[in-house]
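User: I would like to learn how to read a few features of a model. Please give the general idea each time, then the case at hand.

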Amino acid sequence: MIQYVWLIPVFPLMGFLINGLYGKRLPKNLVGTIGAGVIGLSFALTVAIFLEFLKLPAASRPVEIVVYNWIAAGKFSVPIGFLVDPLSLIMLLVVSGVSFLIHIYSVGYMHDDPGFPRFFTYLNLFVFFMLILVGANNFLMMFVGWEGVGLCSYLLIGYWYEKQSASDAGKKAFVVNRIGDFGFLLGMFLLFWTFGTLNFREVFALAGRYPVGSGIITAATLLLFVGATGKSAQIPLYTWLPDAMEGPTPVSALIHAATMVTAGVYMVARCSALYALAPFSLTVVATIGALTAIFAATMGMAQFDIKRVLAYSTVSQLGYMFLACGVGAFVAGIFHLMTHAFFKALLFLGAGSVSHAVSGELDMRRMGGLKDHIPITYRTFLIATLAIAGIFPFAGFFSKDEILFHALVDGNYFYWGIGTVAAFITAFYMFRAVYMVFFGESRVDPHVAHHVHESPPLMTVPLMILAFLSIVGGFVGFPIIEGGHKFKEFLSPSITPVGHGGHPPVSLEIGLMAFSMAVAAIGIYTAYKLYMLRPDLPGWLAEKFRVPYDLIYNKYYVDQIYDTIVVEPIKSGSTLLWTQVDDKVVDGAVNGSASTVAWLSAHLRRLETGFLQNYALAIVLGVTLVVGYLLG
C-alpha cells in the first residue's frame, strides 16, 4: 500500500480538474460530493498507509517512493518522490483528515454561493499542493507545494473578489508570502551549492560532517526560517494573516488550522538535523516565536470581529510552535501543531456557524445570549475554547504544557515566562469571546433575532467530530504514565534531538501542569469578572487606560507603519520610474526613433518623383561621382 502514496495528492488534483472543467455543468450536490469525496479518499489511503507503516520493522523505515525523475541536468537531479516516515505521516493524516471535515462543512456553508464550483476547485487545488508540500522527499518538490499553497491562498482569500477589501487581502497575502519565499529560495540554493543535492536524507546525512555552529549551516537555516516567518505569519511578516479573514469561513479554517500556516513549523521540524547544528538559528527561532506568541495574544484582547480574534490567536499559537522548535522541543512543536489543527478548525467553523445563525454578522458586540438558540455550536465552541486555553483534559492542555515544560527544564526561563503570560492572555481573550457571543443579554439586531437557528447537519457533524478530537487528541502525548507518550515515541526517528539533561522528577512535571492550568483558570476568571459579573468594567478600563487600549485596539499601528515606510515609498518610487524613466526615457527613445524615421521619410520621399528622366539623371550623376572618385 505504501507504494501508492503518490495517489494521496492525486485524488484532490482529480477533483480540481473535474470541478474546474465541468463544475458549472454539474449539479451542486455532485460538485460538493466530488470536492469532499476526493479528500476523503486521500484520508482513507493515508490511514491505510499509516497502519501498514506501523507493521514495518524499524530497519525498513523510512520509505522513499520515487515516481519518476523530474529534472536531470548534469549533476542536478530531482525526482518526483515521496518520503514516508513518522513526521510526514502525521502531517498527511492531519492535513487530509481536517481538510475532509472542512470540505463537508463547506458543502452546507457555501451552498447558496453562486461560485460554488469555483470554490471547491480552489479548495481541492489548495489541498493538493499542501499534500505535495508535506509528502515530498526533497526541498524542490516541497517548494512547489510551498508556492502552490501561496497561490491558492491568494485565490481563496480573494474569493469574493467583487469586494475591494477581499481582493486587497488576497494581494497582501501573496506579496508578503513572496518576501518570505525569497529567503526560502536562497536557503535552498545554498544547500544545493554546499551539498550538491536537495534530497532531505542526503542533505541531513552530509550536514552531520559539519561542526556545531558552522557558518554555512547557520546561514542556510536562517534563510529557511525567513520563509517560515512568511508562511507561518511570524514577526515581522504576520500582517497578511488577520486580513485573510476576508475569505469565506471554511477558507479561514483551512488556512489557519491544518494547512498553510503550519507549513513553516513543519519545515523547521523536518530540518531539525540542520537546526541542531545551528544554535544561533535555534535562538532566533525561539525568540521570534516567543515574541510573536505574546504580541499577537495582546492584539486578540481588543478585537471585536470574532474571526479576527481567532486570527490573532492563530498567530500566537504558531509562535508557541516556533518557541518549542527553538528550544529544541521539535516533537512538542509538532504535537501542538496537531492538537491546534483540531481545536482551531473547530473554532473557525464554530464562528462560521455563529455567523450563519445571525445572518452573516461577525461583530461580537452585536451578539450575546446565543447559547440556547444554537446549542450544538455553543457546546462545541466551548470545548475548543477549553482546549486552546489549556484546561485538562482537553487536547491543548497537553501540547501547550509540554512546550512550557521543555522551556523551563532546559533553563530557558525567559521563554517560559513569556509563554506563561501568553497562556494567561489566551485563556482571557478566548473566554471573552465565549461570554460576548453566547452569554448575557442578546444584542442581536431585532430583525435578525427571530431568524436565529442552528446550522444544518452538514455543518454541525464536522463540529462534533472536531470537538471529540479536541477532547481526546492530547492523550497520545500524555507525559506522566510510563511509556505513555506514544506520540513522542512514534515521531522521534524523524527528529534529530537537541541535547537535554536527564528527565526531571514526575513531581516537577505534575507541579508545572497544575501551575499552567491555574494560570489558565485565572485568565478565564478574569474574563468572567469583566464580561459577566461587571460588564461595565471593560468600557471603564478602556477609558481609564486610553493610550495603551488604543495602541492594542489599533494593532500597534504596525500596518500603518508598514504603509508609511514600505508600501507608500515603493508606490511613489514606482510612479516616479513610470513617469520619468519609463514614460520619458524608454517610451521617449521608442517614440523618438519612430519620429526620426517619420521625418527622414517625409524628406526622402521627395526624391521619389515618379518621372523616368529624373531617375536617369540621378543614375548618371551617381555614376559620374563614383567614376570621378575612382579615377581621382
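Analyst: Start with burial: a residue counts as buried when its relative accessible area is under 20%, and as exposed when that area is over 50%. The model here is predicted. In strand β2 (residues 76-84), seven of the nine residues are buried, so the strand is largely enclosed by the rest of the structure.

User: Which strand is joined to β2, and how many bridges are there?

Analyst: Strand β1 (residues 63-73) runs antiparallel to β2, and nine bridges join them. One of the pairings sets Glu64 against Leu83 in β2. The hairpin has two residues between the strands, and Gly74 takes a positive phi near 65 degrees there.

User: How should I read the packing of two helices, taking α11 and α14?

Analyst: An angle between axes under 35 degrees counts as roughly parallel. Helix α11 (residues 263-270) and helix α14 (residues 306-326) pack at about 5 degrees, with their axes 10 Å apart. That angle makes α11 roughly parallel to α14. On the α11 side, Gly264, Val265 and Val268 meet Leu318, Met321, Phe322 and Cys325 of α14. The residues of this contact divide into six nonpolar, one polar and no charged.

User: What does a search for aromatic pairs find in the whole structure?

Analyst: Rings pair if their centres lie within 6.5 Å, and planes over 60 degrees apart count as edge-to-face. The search finds 35 aromatic pairs. Among them, Phe139 and Phe200 are edge-to-face, at 4.8 Å centre to centre with 80 degrees between the planes. Phe139 lies in helix α5 (residues 139-157) and Phe200 in helix α7 (residues 200-207), so the pair ties together parts that are 61 residues apart in sequence. Phe139 is buried at 0% relative accessible area, and Phe200 also counts as buried, at 0%.

User: Where do Phe304 and Tyr553 lie?

Analyst: Phe304 and Tyr553 form a tilted pair, 6.3 Å centre to centre and 55 degrees between the planes. Phe304 lies in the loop between α13 (279-300) and α14, and Tyr553 in helix α24 (residues 546-553), so this pair ties together parts that are 249 residues apart in sequence. Phe304 counts as buried at 15% relative accessibility, while Tyr553 counts as partly exposed at 33%.

User: Is Ser399 buried or exposed?

Analyst: Ser399 is buried, because its relative accessible area is 0%. This serine lies in helix α17 (residues 395-409). Not counting residues up to four places away in sequence, Ser399 touches Phe335, His336 and Thr339.

Methods
Residues are numbered from 1 along each chain as its sequence is written. This is a predicted model: local features need pLDDT of at least 70, side-chain atom pairs count only at pLDDT 80 or more; totals for chains, interfaces and linings use all residues. Side-chain values use heavy atoms; hydrogens and water are left out. Helices (H or I, at least four residues) and strands (E, at least two) are DSSP runs, numbered from the N terminus. Buried means under 20% relative accessible area, exposed over 50%, partly exposed in between (1.4 Å probe, protein chains only). Contact means heavy atoms within 4.5 Å. Two strands pair if DSSP finds at least two bridges between them. Axes are lines fitted to C-alpha atoms, for helices over the stretch in contact, and angles run from 0 to 180 degrees between N-to-C directions. Angles under 35 degrees count as roughly parallel, over 145 as roughly antiparallel, 65 to 115 as roughly perpendicular and the rest as oblique. Ala, Val, Leu, Ile, Met, Phe, Trp, Tyr, Cys and Pro count as nonpolar, Asp, Glu, Lys and Arg as charged, and the others, Gly among them, as polar. Rings of Phe, Tyr and Trp (its six-membered ring) pair if their centres lie within 6.5 Å; planes under 30 degrees apart count as stacked, over 60 as edge-to-face and the rest as tilted.
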